[in-house]
Amino acid sequence: MATQATSSTYTAENIQVLEGLEAVRKRPGMYIGTTDKAGLHHLVKELVDNAVDEAMAGYCDRIEVIFHANGWCTVKDNGRGIPVDIQKQTGKSAVETVMTVLHAGGKFGGGGYKVSGGLHGVGASVVNALSEAMWVEVVPDPAAQGADKAGRVYRQEYERGRPLTELTPRPLDDPARGHGTTVSFKPDPAIFESVDFEFRIEAERLRMYAFLTKKTWFRLLDERTDQEVNYYFEGGIKSFVRYVNRDREALNPDPIYVEREVDGNLIECAIQYNDGFNETVYTFANSINTIDGGSHLTGFRQALTRVLNDYARKQKILKENDPNLTGDDVREGLVAVISVKLPEPQFEGQTKTRLGNQEVAGQVQAVVGEALALYLEEHPSEGRRIVEKCLIASRAREAARKARDLVQRKSALESGALPGKLADCSARDPRGIRTLHRRGRLGRRLRQAGPRPPLPGDPPPRRQDPERRKEPGPIRCSATRRSAASSPPSAPASRETFDSRSSATTRSSS
């Protein structure tokens, strides 16, 4: 029975409208996932993503992150700088619009970016809403924003998402500073469980960005502990897989690598096997780490399994009656990085943990399958080593399955909860199970399961004398048959002896 509500009033006064950035502060988990350490570093990620978008567009080659001793965090780049002129729809400067209005940015197909990690235009504004204080400084690139803005720096300050000052220009103090955007914020302790940034988390993230964004310098400085790291990689994701395998012996020293554009989508993949047993696969879409995979991961796995099975059959490593290698078999000891760059990516949620573009699966499968098949043909020794490792994994998996099944059968017989007549027979006489083992439906099931395990009370196995291991003689059967005619009681009965080997019949008198 449903519980009756204590109040029946439900009017328009019960409907609340959250305007501006108030919704972000009310439900922060919708925009950054959580409010723990991961959510705190997600704020840094949102700002770094904006800088990486400039790098992917070819306008930025240096990105810095600084943790200050007073709890602030600064992210700066040498890109074109956020536009400082007036945005017509809002009547505010473009800087203030980006920093204070949800779903505002240059990534909605307006020509600002061909490929970007940001899609919803909420990154910078969410950081502003969840910060106790924040300021932004922009030095415009004269080639992008006009020569009249050269030599100036524009600054604006905020508090919990609200502007405290207007965007005001001033002369550039340091001519060597160069153009770009600098954003500094202090997380709000009323929102987050902890506002203490962790150096290790951000160092690992920036190293990953450096692998994905070739020829871009990433610097992380922690003024609290004087720690500093710098990352720069020419090889991109090929360097990434080599780094992951640095403590392992690689089966193919030169990683399998392919980069190709299909229908406007850029597909990039690097593959290397090692002598270990773990699978390590990283997937990215527009330099965003899609930790839950998605369509690009699905296409990669399908290509890997299909090509390795085809190669193993062609090289006679897998015989005609051998089963195919499974996905788990071909991914043992695998290190791979799949990176796709799409004009219109479809992520699941603002945290972008999974890619949903269905057409990408087929594109990745075709590109990776062709590149992998070509590599195996051109490098037969490395190809054989890879397939043989997969075959060992398959045999080990099958042996483990058989051992598990054997243990389960043995446990079922040794446990006290035996079914039906088997349990009754076991309680009275354990040796009586032998009879049930040979009869009825239970007998058929047990015979299909394999030999009966030894039971308590069984006699010890009998050892046969080698001298008595002779071929058994003919099986003889005697039958007594009386003549149809009556005969005196004293007359001897006639006997017939049947020889099973010759089918001959002999007659004798007893």
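Which helix lies across β12, β13 and β16? I started there. The model is a predicted one. Helix α11, residues 359–378, lies across these three strands. I noted its direction as well: α11 runs at about 140° to β12.

**Entry: the sheet**

I looked up the strand order next. An open sheet is formed by 5 strands, in the order β12-β13-β16-β14-β15. The pairing is mixed.

Which strands stand at the edges? I found β12 (256–262) and β15 (288–289) there. Each has a single partner strand, so one side of each is left without a neighbour in the sheet.

I then went through the pairings. β12 pairs with β13 (residues 265–273) in the antiparallel sense, over 7 bridges. β14 and β16 pair in the parallel sense, and here I recorded 6 bridges.

Cys269 stands opposite Ile338. Thr283 stands opposite Ile338 as well.

Helix α7 (residues 199–212) lies across β14 (280–285), β15 and β16 (334–341). Its angle to β14 is about 70°.

**Entry: strand β16**

How many residues of β16 are buried? I got 8 of the 8, so the strand is largely enclosed by the rest of the structure. I sorted the side chains by direction. Leu334, Ala336, Ile338 and Val340 point one way. Val335, Val337, Ser339 and Lys341 point the other way. All of them are buried, and I noted that Lys341 and Ser339 are on that list.

**Entry: salt bridges**

Side chains of opposite charge can pair when their charged atoms come close. I counted such pairs, and the structure holds 30 salt bridges. I followed three of them.

The closest N and O atoms are 2.6 Å apart.

Next I took Glu157 with Arg155. Their closest N and O atoms are 3.3 Å apart. Glu157 is partly exposed at 30% relative accessible area. Arg155 is partly exposed at 22%.

The last pair sits in a helix. Arg205 and Glu202 meet in a salt bridge at 3.3 Å, N to O. Both lie in α7, 3 residues apart, which is about one turn of the helix. Arg205 is at 19% relative accessibility; buried means under 20%, so Arg205 counts as buried. Glu202 is at 0% and counts as buried.

I also traced shared partners. Salt bridges join Glu137, Arg155, Glu157, Arg170 and Arg177 into one network.

**Entry: nonpolar cores**

Which residues have the most contacts inside the largest nonpolar core? They are Val65 and Phe185, in a core of 49 residues. Helix α3 (residues 37–56) gives the most to this core, with 8 residues.

I listed the neighbours of Phe185, leaving aside those within four places in sequence. Its contacts include Leu43, Val44 and Leu47. Gly71, Trp72 and Cys73 are also among them. I found Val127, Ser131, Ala133, Met134 and Phe197 in contact with Phe185 too.

There is a second, separate core of 40 residues. Its members include Ala303, Ala371, Leu372 and Cys390.

**Entry: Thr353**

Where is Thr353? I placed it in the loop between β16 and α11. Thr353 counts as buried, at 18% relative accessibility.

I looked up what it touches, not counting residues up to four places away in sequence. Thr353 touches Thr290, Ile291, Asp292, Gly293 and Glu348. I also took one C-alpha separation. Thr353 and Ala285 are 68 residues apart along the chain, and their C-alpha atoms are separated by 9.7 Å.

Definitions and conventions: Residues numbered from 1 in each chain as written. Predicted model: local features only at pLDDT ≥ 70, side-chain atom pairs only at ≥ 80, totals over all residues. Heavy atoms only, no water. Pairing = 2+ DSSP bridges. Helix = DSSP H or I, 4+ residues; strand = E, 2+ residues; numbered from the N terminus. Contact = heavy atoms within 4.5 Å. Axes fitted to C-alpha atoms, helices over the stretch in contact; angles between N-to-C directions. Salt bridge = Lys/Arg side-chain N within 4 Å of Asp/Glu carboxyl O. Buried < 20%, exposed > 50% of the residue type's maximum accessible area, 1.4 Å probe, protein only. Core = buried A, V, L, I, M, F, W, Y, C linked by side-chain atoms within 4.5 Å.
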